[in-house]
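The following exercises are to be worked through with the sequence and the model side by side. Each task is followed by a solution in steps.

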Amino acid sequence: MDEKRKMQEILNHSLSGLQENPFLPQRVIAQAKGEEPMKKRISFSVIIIVAVLLIGTMTALAASVEDINAMLYKLWPEAARALRPLNLSDEGSGIRLDIISASLTDDQLLITYSLTDLEGDRLSEETELDPYAYNPTIDSKYSSNRLLYYDAENHQAVFASYWEYLPVSLPEGVVWGEDTGTITFRINGLMSPVKTGVDLWLLMADNAYPAEPASVPVANPGLETIVASEDAAKEAEKHIPEVLNPENNLHIAVVEGIELSGIGWIDGQMHVQVYMSDWLKSVGITNTARYTCFISLRDRQGNEVMWTDEFMDQLLKDNPYYIWGVNWRNGGEEQWIEKIFPVQPEDMDQYMIYCEIEDRLTKNEELLNSEWIVSFPVNMIQTE
Amino acid sequence: METVKGPCRSAEEEITNLIETYQLTLLRLCYAYLHDQALAEDAVQETFLKAYRKLNQFHGDSNIKTWLSAIAINCCRDISRGNWFRHIDRSISVDHLPVRSEETIPEYDSVTIEVMRLPIRLREVVLLYYFQDMNTNEIAETLRISQQAVSNRLQRARAKLREALSNAVRSGQNG
C-alpha cells in the first residue's frame with residue numbers, strides 16, 4: 001500500500017467516530033435560499049448585510065432598543081416584522097445586557113442584543129463571546145454570533161445571535177402550543193483582547209549582558225526546527241543548542257508575567273530569551289495565559305522576515321537544518337522561550353525583535369466569569 | 001401568496017449529491033485541522049454553501065473533490081483566524097478523538113494525533129496531500145504559495161511525523 005493510501009486509511013479509521021449529518025443538504029439549500037430577496041425565512045447573512053448598512057448610515061447612533069428596532073424596520077421591513085421587539089435586561093459586573101428583539105420560526109432562532117459597559121471601556125470591536133458559553137438551546141445544529149457594530153462613545157456593542165435546530169431538538173423548555181414555553185438566553189463570558197507590541201531589541205539597548213552559553217537545564221526541551229530532509233530532522237534532535245544562561249536573567253519587564261531575560265550572540269547566532277512566570281492558567285472554562293508574547297524577526301517596516309519561504313530556503317542553502325527555537329519548563333507554570341535568529345549585531349539597524357503582546361485577561365478577567373441571563377416566553381417572539 | 005424564487009432544481013440535486021458523497025471526508029479534514037467537532041461541522045456547512053453558490057463557476061478544471069477541499073481548507077483557515085479560536089487550549093490527545101464503534105488501533109491513532117499536532121502550516125499541507133489526495137501544484141494554488149514551498153513543507157512534515165512515530169513505537173516497546 002502506498003504512503004498516501006496508508007495515511008488515508010489511518011486518518012479515516014481514527015476519525016471514523018465523526019458522523020454525517022443527514023439534514024445537511026436541506027440546511028445548505030435553505031441557507032442559500034435565505035439570501036433570496038423574497039424569502040420568508042430570516043437569514044442571518046441578511047442580518048449581517050443590514051448591520052453593514054446600519055454602520056454606514058448611522059451617524060449619531062441612538063442606542064435605545066426602540067431606535068435600533070426602528071432602524072431595522074426601515075432598512076429591512078421583513079426582518080423587522082419577524083423580529084419582535086423585546087425590552088428585557090440583565091446586569092452584572094457593570095455590564096448591561098439588553099435583548100433588542102428576537103424571532104422564533106419553525107427551526108430558527110434569532111436574537112439581537114446589546115451589551116453596554118456602564119463602568120468603563122471593557123468592550124471593544126474585538127469583543128467576543130465564548131462560543132460554548134452563549135446558549136439558549138440544546139443540540140443546535142448551527143449557531144453563529146456576530147458583533148454588528150461597536151459604539152465607542154456609549155461603550156455599547158450590538159450583536160446578533162442565530163441558531164438553527166431541528167424541530168425535534170427545540171430549545172430547552174420550549175414546548176410548541178403551550179404558553180408556558182420559555183427561552184433562556186445566557187452569556188457566560190466575554191473577552192476583549194488587546195494587542196500591543198514592543199521591540200525587544202530596544203528594551204535591551206543599554207543593558208550590559210554577558211551572553212554566557214549554558215546547557216538547557218532540562219533533558220528534553222522543545223525544539224523548533226527548520227529542516228531540509230528527514231535525516232536532517234533526526235540530526236537536529238541530537239544537537240540541542242546551548243542557550244543563554246537563564247541564571248543571568250536581566251529581568252527586563254516586558255509586561256506582567258513576562259520578562260526579557262537577555263539578548264546575546266552564541267556561535268554567531270542571535271539568541272533572545274524570554275521568561276514567562278505564569279504560562280497557563282484556567283479562567284472559567286478557558287485555559288489561557290494572562291499575556292502572551294509572540295516573538296518574530298521583523299524588518300523596520302514591521303514585516304515578518306523569518307517566515308518567508310525565501311528566507312527559510314536561504315537558511316537551508318548550506319545547512320541541513322536550523323534550530324530557531326528552544327523552550328523548556330520547570331515542571332510548574334514557568335516557561336522559558338529562546339529564539340535563535342541568523343542575524344549579526346551590525347545588522348540590527350535593519351531589524352526588530354518584535355514581541356506581539358496579547359493581553360487576554362487584564363481588561364476582562366471578571367467578565368470571563370460573569371453571567372448574564374434573560375428569560376422570556378416563546379409566544380412573545382413566535383412568528384409562525 | 002408570495003413566490004419564493006430559488007435555484008434551479010438541478011443545482012439542488014447536484015449539491016445534495018456532493019454533500020452525500022463528500023460530507024464525511026470534508027468533516028474529517030476540518031476536524032483534523034480545527035480539533036473541534038462543532039467548528040468542523042460549521043466549516044463543512046460553510047464549504048457546501050459556498051460550493052452551492054459557485055456551482056456554475058466550476059468548470060471541471062480540477063476534480064470536484066479537489067475543488068471542495070480547497071474551499072474547506074480556506075473555511076478552516078478563516079475560522080482559525082478568529083480570536084477566540086486562538087484563546088482556547090486546543091492541545092489534542094488520543095482521548096479527544098471522536099468515540100467510535102470500531103476497534104481502536106493505537107498505532108493509527110498515534111499517527112493521527114501527530115498529524116493534528118503539526119504546526120498549522122505543515123498540517124494543512126499534509127491533510128491536503130495525503131488525506132485529500134491533492135498534488136503539490138493543486139495545494140500551491142489552494143494555499144497561494146509556491147510549489148517549492150509545498151514540497152519544503154511536506155518534507156518538514158514527513159520529518160516531524162517520522163520522528164514522532166518512531167518515538168511512539170519506541171515508547172510502546174519500552175512500556
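**Exercise 1.** Determine the strand order and the pairing sense of the three-stranded open sheet in chain A.

*Solution.* The order is S9-S21-S18, and the pairing is antiparallel, where strands are DSSP runs of E of at least two residues, numbered from the N terminus, and two strands pair if DSSP finds at least two bridges between them. Strand S9 (194-199) and strand S18 (291-299) of chain A each pair on one side only and are therefore the edge strands. S18(A) is joined to strand S21 (residues 351-359) of chain A over nine bridges in the antiparallel sense, and Ile295(A) stands opposite Cys355(A) in S21(A).

This is a predicted model, in which local features need pLDDT of at least 70 and side-chain atom pairs count only at pLDDT 80 or more, while totals for chains, interfaces and linings use all residues. Residues are numbered from 1 along each chain as its sequence is written, and chains are lettered from A and ligands numbered from 1 in the order in which they are written.

**Exercise 2.** Describe how helix H2 (residues 37-53) and helix H3 (residues 64-80) of chain B are placed against each other.

*Solution.* The helix axes, lines fitted to C-alpha atoms over the stretch in contact, come within 9 Å and cross at roughly 130°. Residues that make the contact (C-beta atoms, placed from the backbone, within 7 Å) include Leu39(B) and Ala43(B) of H2(B) and Leu68(B) and Ile71(B) of H3(B).

Terms used
Axes are lines fitted to C-alpha atoms, for helices over the stretch in contact, and angles run from 0 to 180 degrees between N-to-C directions. Helices (H or I, at least four residues) and strands (E, at least two) are DSSP runs, numbered from the N terminus. Two residues are in contact if their C-beta atoms, placed from the backbone, lie within 7 Å.
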